[in-house]
Amino acid sequence: VRIIVRHVIPNAIYPFLVYASLAYVPPGHVGVLTLFGRVTGDVLPEGTHFVNPFKVNHKMSVRTVELKEKASVPSNEGLIMTLDASLLFRLSSERAFEVFRTIGPGYVEVVVEPNLRSAIRHVTAQHSANALYTGAREEVANRIREELVRELEPRGIVMESVLLRDVQLPPMLKQSIEAKQQAEQDALRMNF
């Protein structure tokens, strides 16, 4: 049997088989394995692994990603504001194969961005422009995050936080809000 195997498989093929059986996953990534185009459900942690040489290793990042969004959004008065937001999220390493199978490697463009835009518009439409400019920013950010958790975490995408970086109101409204706040400060100073 040994003589027959040596004649069928030349010694030069052994290094190739060993090399084809190695799968490397860089730090901060997982490897999703496919066999002839079918997702096997196997997820490799970071490091070097021996796998079936016919399996293909698709690397997916599980690091925290920042997605910046600048959107023109309505308030509950119908005023259009410009809102700069950042979403911090990551892919669940345990569910990476599901995301790869159902959404694909472009999951950020396919589901995260549209859901972020929708959540921002839905939540800001429930608040006044004055509230968004002054005190309710944290509440708005929390509500946006809650909507995203409800929509995306069942799909294998973990929401970390939503940050509202900047709210720009129409210039006339901004001036009137600032004038009102200045008048309130002047009234408090006079009472004191």
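Q: Which residue stands opposite Val 73 in β7?
A: Met 81 of β7 stands opposite Val 73. The model is a predicted one, in which local features need pLDDT of at least 70 and side-chain atom pairs count only at pLDDT 80 or more, while totals for chains, interfaces and linings use all residues. Residues are numbered from 1 along each chain as its sequence is written, and side-chain values use heavy atoms, with hydrogens and water left out.

Q: Why are β6 and β8 said to stand at the edges of their sheet?
A: The open sheet has 3 strands in the order β6-β7-β8, with antiparallel pairing. β6 (65-74) and β8 (157-168) each have a single partner strand, so one side of each is left without a neighbour in the sheet. The twist averages 25° from one strand to the next. The pairing of β7 with β8 is antiparallel over 10 bridges, and Leu 83 stands opposite Val 167 in β8.

Q: What is found between β6 and β7?
A: The hairpin of β6 and β7 has 5 residues between the strands, and Gly 78 takes a positive phi near 90° there. Glu 77 is also found in this loop. The C-alpha atoms of Glu 77 and Ser 128 are 6.3 Å apart in space, although the two residues are 51 apart in sequence.

Q: Why is Glu 77 called partly exposed?
A: A residue is buried under 20% relative accessible area, exposed over 50%, and partly exposed in between (1.4 Å probe, protein chains only). Glu 77 has a relative accessible area of 44%, so it is partly exposed. Buried residues make up 35% of the 192 residues in the protein chain.

Q: Which helices lie on the sheet of β6, β7 and β8, and at what angles?
A: Helix α4 (residues 107-124) lies across β6, β7 and β8, running at about 40° to β6. Helix α6 (residues 137-152) packs on the sheet, touching β7 and β8, and its direction makes about 145° with that of β8. Axes are lines fitted to C-alpha atoms, for helices over the stretch in contact, and angles run from 0 to 180 degrees between N-to-C directions.

Q: How do you know that the span of α4 agrees with its number of residues?
A: The expected span of a helix is 1.5 Å times one less than its number of residues. The 18 residues of α4 should therefore span 26 Å, and its end C-alpha atoms are 25 Å apart, which agrees.

Q: What makes a set of residues a nonpolar core, and which residues have the most contacts inside the largest one?
A: A nonpolar core is a set of buried Ala, Val, Leu, Ile, Met, Phe, Trp, Tyr and Cys residues joined through side-chain atoms within 4.5 Å. The largest has 38 residues, and those with the most contacts inside it are Leu 87, Phe 89, Tyr 107, Val 112, Ile 144 and Leu 148. Its largest share, 8 residues, comes from α4. Apart from this core lies another, of 5 residues, among them Ala 23, Leu 33, Leu 44 and Val 51.

Q: What does Tyr 107 touch?
A: Contact means heavy atoms within 4.5 Å. Not counting residues up to four places away in sequence, Tyr 107 touches Met 60, Ser 61, Phe 89, Leu 91, Val 99, Val 112 and Ile 157.

Technical notes. Pairing = 2+ DSSP bridges. Helix = DSSP H or I, 4+ residues; strand = E, 2+ residues; numbered from the N terminus.
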